[in-house]
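Here are my notes on this one, as numbered points.

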Amino acid sequence: MPNIQMTQDSAFSPFVATAPGKVIIFGEHSAVYGQPAIAAAVSTLRTYLLVVPTKRQDTHNSEIVELSFPDIKFDHEWTKEDLQECANYASKLISNASQTAQKSIENMDLDDTLAKMIGELLHKTLPDCTNQLHHAAALCFLYLYFIICPKLTNAKFILKSNLPIGAGLGSSASISVCLSLAFMKLSNDARFQNIHTLNSEVKDLVNKFSLIGEKCIHGTPSGIDNAVATYGNAVLFQKLLDPSEQQRAGVTNKMEILNEFPEIPMILTNTKIPKSTKTLVSNVNILFQKNPLIFDPIFQAMGHITNKGHETLTNIYKLNDENGNVKKKTKLMNDLLELVKVNHGLLTSMNVSHPGLEKIVNLSTELQVGATKLTGAGGGGCALTILNDVGNETNGKEALENMALFEKTLIDDYKYDIYRTGLGGKGAYLLPSLDQSIIEEFQSADGLPSSILNYINSKIV
Ligand SMILES: Nc1ncnc2c1ncn2[C@@H]1O[C@H](COP(=O)(O)OP(=O)(O)O)[C@@H](O)[C@H]1O
Ligand SMILES: C[C@@](O)(CCOP(=O)(O)O)CC(=O)O
Ligand SMILES: [Mg+2]
């Protein structure tokens, strides 16, 4: 580790970038194969990135870039010399991109040479790094750094999240969005000058850069997670696979913000069984390559579930809005639960469930509290239980007792965590100025104390 001294004055004021996690309601995995999927932001579970100027240099008077990722116990700093070769290559890449039909770097695919050069840089500067979590996070950080502001030094990036990591709630996308926003703010590129307004143009850029970050972490993302982390709310999303269709539409995916999205009673359960999206997505691809005639129809069926689910959710919203009749609502909720069950069954058929997830599925069936599906990549992580419409005429005392028993069993017997959180809400956000006391507390506190969360969240409007 370099011996650090204090030097010149700061070049920018500390700021925070934040982005939420997400829950996929219908269509994980099939989304990667161009099928529609529905997801919603979980705006209470977010990643927060504090960026501060460092005013430090190492013993050879080299400026540095520092990263502090305490959630995964990963700290590192690179000197300007460490970063120089990749920065030179990336600067050429950025300038070449502006002369192509795509016009700018965020429209280009992941550059294999740059990714390889960063791999070598990591091998040289972190020779003992065998931790996959560290490696993926460092690759995402450095790739976005090089393609957005490769000349930046004297900055420290402190990233903390109250989202469970690797649990299917989109922590990778939320960090990609925070890093993209932060690097865009620190870049001198004229295209990012309106960044504070976070208007739709800026959000479109954040969405594109964060998709590149997701590619660094798990290879072939559909783009739904970073879209929700960027735009917030609930979205109906479809990746366009056919280049001619992309060209016709002028975009690489179709996305509709769902303004008619009802509040649905649900519980999220985190099994705490670790999983890697990269591995699960690649395992599904192996199955698909081997038997496309079997798996393509499964993906298509999941697409139909999403469309039917969209229609059902919209009808529930309309009924709620009109204070509509209970019988109709019960029927619609039953339709929704049916779709949840089929979606989970299809995910199981592509081998992305886990015995720890099946325990939740079985318990919710046994106690008749609702229907459960895995959410996110599966293989562990979280399950989403959509609950019966408690409170209607068919649900009395017994239903409430079963609900209590469901939660108690999950927590006390299975040792799982549960979240009772609403869906939707604010997407990416930038806080350009902060009280000094918050900056200090953010850096020194273990995790994210409520004083920090309350302060930052109260400013997200
Ligand atoms: N708070 C965090 N700090 C550092 N890295 C993080 C953080 N959250 C997510 N990551 C990165 O994202 C990866 C997890 O992404 P992924 O496997 O897609 O799971 P998910 O997106 O479901 O949480 C981790 O391996 C790590 O590299
Ligand atoms: C499996 C997938 O559909 C969702 C992955 O979500 P997560 O990383 O498990 O939160 C992949 C994707 O859509 O990019
Ligand atoms: Mg992820």
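1. Thr421 first: at 13% relative accessibility, this residue counts as buried. In these notes buried means under 20% relative accessible area, exposed means over 50%, and partly exposed is in between (1.4 Å probe, protein chains only). Thr421 sits in the loop between β13 and β14 (429-431). Helices here are DSSP runs of H or I with at least four residues, strands are runs of E with at least two, and both are numbered from the N terminus. From Thr421 to Asn388, 33 residues apart along the chain, the C-alpha separation is 16 Å.

2. Some housekeeping before going on. This is a predicted model, where local features need pLDDT of at least 70 and side-chain atom pairs count only at pLDDT 80 or more, while totals for chains, interfaces and linings use all residues. Residues are numbered from 1 along each chain as its sequence is written, chains are lettered from A and ligands numbered from 1 in the order in which they are written, and side-chain values use heavy atoms, with hydrogens and water left out.

3. Two loop residues have a phi worth a look. Asn351 is not a glycine, yet has a positive phi of about 60 degrees. You'll find Asn351 in the loop between α10 (326-349) and α11 (355-366), and with 62% relative accessibility it is exposed. Lys415, also a residue other than glycine, has a positive phi near 65 degrees. Lys415 belongs to the loop between α12 (397-413) and β13 (417-419) and is exposed as well, at 54% relative accessibility.

4. Now ligand 1. Which residues come nearest to it? Of the 21 around it, they are Leu133, Gly166, Gly168, Ser171 and Lys275; a residue is counted as near if one of its heavy atoms lies within 4 Å. For polar contacts, the cut-off is a pair of N or O atoms within 3.5 Å (within protein, one must be able to donate a hydrogen and the other to accept it, and residues adjacent in sequence count only if both atoms are side-chain atoms). The side chain of Ser171 has an N or O atom 2.5 Å from an oxygen atom of ligand 1, and for the side chain of Ser172 the distance to a ligand 1 oxygen is 3.0 Å. Gly168 takes part through its backbone, with an N or O atom 2.9 Å from an oxygen atom of the ligand. Taken alone, ligand 1 exposes 560 Å², of which the protein buries 96% (Shrake-Rupley areas with a 1.4 Å probe; for residues, only the protein chains shown count as cover).

5. Sorted by class, the shell has eleven nonpolar, eight polar and two charged residues. Nonpolar covers Ala, Val, Leu, Ile, Met, Phe, Trp, Tyr, Cys and Pro, charged covers Asp, Glu, Lys and Arg, and the others, Gly among them, are polar.

6. Ile147 is in α3 and is buried, with a relative accessible area of 3%. Ile147 and Thr113 are 34 residues apart in sequence, with 13 Å between their C-alpha atoms. Ala182, in α4, is buried at 0% relative accessibility.

7. Ligand 2 has 18 residues around it, and Lys22, His29, Ser222, Thr277 and Ala377 come nearest. A side-chain N or O atom of Lys22 is 2.8 Å from an oxygen atom of ligand 2. On its own ligand 2 has 380 Å² of accessible area, and the protein covers 98% of it.

8. Where does the ligand 2 shell come from? β2 (15-26), α6 (224-231) and α8 (277-290) are the elements that give two or more residues. Domain 1 (15-257 + 429-459) and domain 2 (261-423) each contribute at least three; the bounds are from an automatic or database domain assignment.

9. Last, helix α14 (residues 450-459). Its buried residues are Ile452, Leu453, Tyr455 and Ile456. These span an arc of only 165 degrees around the axis, so they lie on the same side of α14 (the arc is taken from the directions from the helix axis to the C-beta atoms). Asn454 and Ser458 are exposed on the other side.
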